[in-house]
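Reader: I would like to go through this model by its labels. For each one, tell me the value and the cut-off behind it.

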Number of protein chains: 2
Amino acid sequence: MAINVGLIGFGTVGTGVVRVLKENASVIRDKLGCEVSLKRIADLDTKTDRGVKVEKGVLTENADDVINDPDIAIVIELIGGTTVAKDIILKAFEKGKHVVTANKALLSTHGAEIFQAASSKSLAIGFEASVGGGIPILKALREGLSANRIESIYGIINGTANYILTKMESEGRKFEEVLASAQEKGYAELDPTYDVEGIDTAHKLAILINLAYGTYSRLDSIYTEGISRITELDVRFAKEFGYRIKLLAIAKASDGAIEARVHPTMVPESHPLAKVDGVFNAVFLHGNAVGDTMFYGRGAGMMPTASAVVADVMDISRDIVKGSPPRLTPLSYSEKAIKGVKIKDMDDLELPYYLRFSAVDKPGVLSKISGVLGSHNISISSVIQKGRRLGEAVPLVITTHNALEKELRLAMAEIEKLDVVLDRVMFIRIEESLGAAY
Amino acid sequence: MAINVGLIGFGTVGTGVVRVLKENASVIRDKLGCEVSLKRIADLDTKTDRGVKVEKGVLTENADDVINDPDIAIVIELIGGTTVAKDIILKAFEKGKHVVTANKALLSTHGAEIFQAASSKSLAIGFEASVGGGIPILKALREGLSANRIESIYGIINGTANYILTKMESEGRKFEEVLASAQEKGYAELDPTYDVEGIDTAHKLAILINLAYGTYSRLDSIYTEGISRITELDVRFAKEFGYRIKLLAIAKASDGAIEARVHPTMVPESHPLAKVDGVFNAVFLHGNAVGDTMFYGRGAGMMPTASAVVADVMDISRDIVKGSPPRLTPLSYSEKAIKGVKIKDMDDLELPYYLRFSAVDKPGVLSKISGVLGSHNISISSVIQKGRRLGEAVPLVITTHNALEKELRLAMAEIEKLDVVLDRVMFIRIEESLGAAY
């Protein structure tokens, strides 16, 4: 007996899937007790040599050759995007095929439709590769930690953004410079918007929230802010205050609602997340029974992502071998338990903040700024002012105690109108609770 | 519909299981689509108040009341030990019941018999809680990383030992002092042998090897060395050389054999494992597709361990709900693929070593010692000699380049016979490859 698999999308990850199925064939067979056979591969480009051997007759330009093949039990969708990929997945379900995908953009925007289509036909959908690359974090949420109420999730889940922040810190360089060299090395796309503006991170957070809370979360309810406005000054000040700046995906259950936000965050340097450097990813979870846990590894790349895709194929194969229906629903929640969740308004957030002002260096400036903060019930935790150049602009940095985000925004608008303040106020949220949790 | 569960052993973890099933009942039901009902609890002590409410008629002194109850589908064994627990588990299988256990001592000594008993009856055995407490590391090995060849495993999997080493470093105190205070706080047993001598770590490593390599490993083939001989001097010198000392469980595939060893290890301080402090556990794995991954969390304690036990109960319940046979074999390998593996002889190990000599401070000592090392093909990487007290004993510390362990032991024996060397030579293995991997 062999499980026949079809692959649609023969790019980097697709090539990795072919390699893993080939190089680790004996391990896969030893575990499943049968072969996994890659019967068809569809890609518009059937000419390019990907450095892996493909048997004659396997390659096709037509995705339908995969979807309509009655011998294929599992379709792997790796073309990405939210249009053709969606059609392919829904058609595969119609044909009674299980699906494995790495498509976070699609699942975060059309997840409800796709998950429901799978459930209604009692078919499996595996999407481990959509978040955290090779790290089996979705399996941990769906199964390993399933006895927990998930109280918080903090994820570094975009390798490009983490690489840029790490390099800005270790080399003291500007965002633009590091981005340019990351693009040269192929660590960043030519259009880096998805990665540096937090959009990709938000897609992945939406999926984590789906699984943690049993909901079809709406991507547009996730507050999303990127790292392009972070300066080397902020990176340096963060260090002085004992923090590292990380682009975090954050979900927190609080007061019957869920905080869902993506933004650059000051993380206490003693916290394990502060030490996740370069292209590595990590998800730090707090469950009410398990306490703190962290899952760390390569969040992207040919082979790590293929590791997750093939693990999903093997999971589905185990049920096929036994003749069993999929043991897990797409979200691991029973369909009737899936519910809407309230997303907490950002205005109601209460956190400490890092504020950097470009202020004229003359007497009374700090008093004016702190006066405005005080009138909004924001109290100051510490102040750094460096480099005295009387009459010129110098950075003035303030960290606050817990403040209401709504009041903070009002205060910033007022402060920006002061004639001693020369530029927009820079602000970064501080996750002090990460220090306490650890 | 409800899944009826029976618990045998109402100690700390058993109490945690009762709490998780109660406190997280709604989450469990939302996921499974049915209740998990704790029908019977057996413990010799039915009187003590554990601070959790148990319905009348649930408690019994007789384990057979659980095993023989036809309504109970899953038996949770939490009494520990390798005699009664073994009988209970085998009897439960005979009665057609699935089993969940946290018993690493039992599984590492009688694993083959127990795993085969489960397989032969097509019953499931869950043992996530036996390694790494709440960290779903066994699930990662059995499923999440199943498409990989596991090239290496490095685990900090004994919280007591890690707590002691962490405190020795942070407070500069002696092993005996820290152990005594750990015993006072309840972090160490009155007889700490299992934890500090590496025995518990070896039990867990045996289980990790079972799953990673599809073998019934023999506990006695695992080289086991504890931390009781580590002095505060070694902890300090380690830091000077840029290392942390951690009690590691190590499994490495090399040249068709497997290194299987537990010992105090110098870990490069930049490596994520070096930063796993206190009672926390972590397992750092390298898979040929996924690359480096790390799983971090609480390796013991009432609620984290219960989190793993209940996750196993839920896993098994999912199959029961669907009317499916267990989807996974005990080791996740098909029975016929399970094979013996060759364990590499410690003599053939090739590593850099840290060596500390208690040497008389007089001219020519270093030359004598390095002469012996040289004659065994051991070359020196760096030397530290501190505190000059001519004619008295001072610590002389040497780190070596890669050396064969067999030669190192011969050299140490020779050096200990030198009249300028006053005490046994202290040696600690260095895992330099962890620096490179990361």
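Author: Helices (H or I, at least four residues) and strands (E, at least two) are DSSP runs, numbered from the N terminus. Two residues are in contact if their C-beta atoms, placed from the backbone, lie within 7 Å. The model is predicted: local features need pLDDT of at least 70 and side-chain atom pairs count only at pLDDT 80 or more, while totals for chains, interfaces and linings use all residues. Residues are numbered from 1 along each chain as its sequence is written, and chains are lettered from A and ligands numbered from 1 in the order in which they are written.

Reader: What covers the buried residues of H7(A)?

Author: The cover includes strand S7 (150-156), H8, helix H9 (193-196), helix H11 (232-240), strand S9 (243-254) and strand S11 (280-287), which belong to chain A.

Reader: How do you know that H7(A) is mostly covered?

Author: A residue is buried if 20 or more other C-beta atoms lie within 10 Å of its own, exposed if 12 or fewer, and partly exposed in between. In H7(A), 10 of 13 residues are buried. Among them are A:Gly159, A:Asn162, A:Leu165 and A:Thr166.

Reader: What makes the length of H7(A) close to what is expected?

Author: The expected span is 1.5 Å times one less than the number of residues. For the 13 residues of H7(A) the expected value is 18 Å, and the first C-alpha lies 18 Å from the last. Just after this helix, A:Gly172 has a positive phi of about 60°.

Reader: Why are H7(A) and H8(A) called oblique to each other?

Author: Axes are lines fitted to C-alpha atoms, for helices over the stretch in contact, and angles run from 0 to 180 degrees between N-to-C directions. Under 35 degrees is roughly parallel, over 145 roughly antiparallel, 65 to 115 roughly perpendicular, and the rest oblique. Helix H7 (residues 159-171) and helix H8 (residues 175-185) of chain A pack at about 125°, with axes 9 Å apart. The pair is therefore oblique.

Reader: Which residues of H7(A) and H8(A) meet?

Author: From H7(A) they are A:Thr160, A:Tyr163, A:Ile164, A:Lys167 and A:Met168, and from H8(A) A:Phe175, A:Val178, A:Leu179 and A:Ala182. Ala, Val, Leu, Ile, Met, Phe, Trp, Tyr, Cys and Pro count as nonpolar, Asp, Glu, Lys and Arg as charged, and the others, Gly among them, as polar. That gives seven nonpolar, one polar and one charged residues in this contact.

Reader: Is the crossing of H5(A) and H10(A) left-handed or right-handed?

Author: A crossing is left-handed if the near helix is turned anticlockwise from the far one by less than a right angle, and right-handed if clockwise. H5(A) and H10(A) cross in the left-handed sense, while H7(A) and H8(A) form a right-handed crossing.

Reader: Why are H5(A) and H10(A) oblique?

Author: Their axes come within 8 Å and cross at roughly 55°, and the two helices are therefore oblique. A:Lys104, A:Ala105, A:Leu107, A:Ser108 and A:Gly111 in H5(A) meet A:His203, A:Lys204, A:Ala206, A:Ile207 and A:Asn210 in H10(A). By class there are four nonpolar, four polar and two charged residues.

Reader: Are A:Ser122 and A:Asp255 buried or exposed?

Author: A:Ser122 has 11 other C-beta atoms within 10 Å, so it is exposed. A:Asp255 has 9 such neighbours and therefore counts as exposed.

Reader: What makes A:Gly144 buried?

Author: A:Gly144 has 31 other C-beta atoms within 10 Å, so it is buried. This glycine is in helix H6 (residues 137-144) of chain A. Not counting residues up to four places away in sequence, A:Gly144 touches A:Lys139, B:Pro136, B:Lys139 and B:Ala311.

Reader: How many residues of chain A are in contact with chain B?

Author: On chain A there are 53, facing 53 residues of chain B. H12(A) supplies the largest share of the chain A side, 11 residues. That side divides into 25 nonpolar, 15 polar and 13 charged residues.

Reader: Why is H12(B) called largely enclosed?

Author: In H12(B), 16 of the 21 residues are buried, so the rest of the structure largely encloses this helix. The end C-alpha atoms of helix H12 (residues 302-322) of chain B are 30 Å apart, which agrees with the 30 Å that its 21 residues should span.
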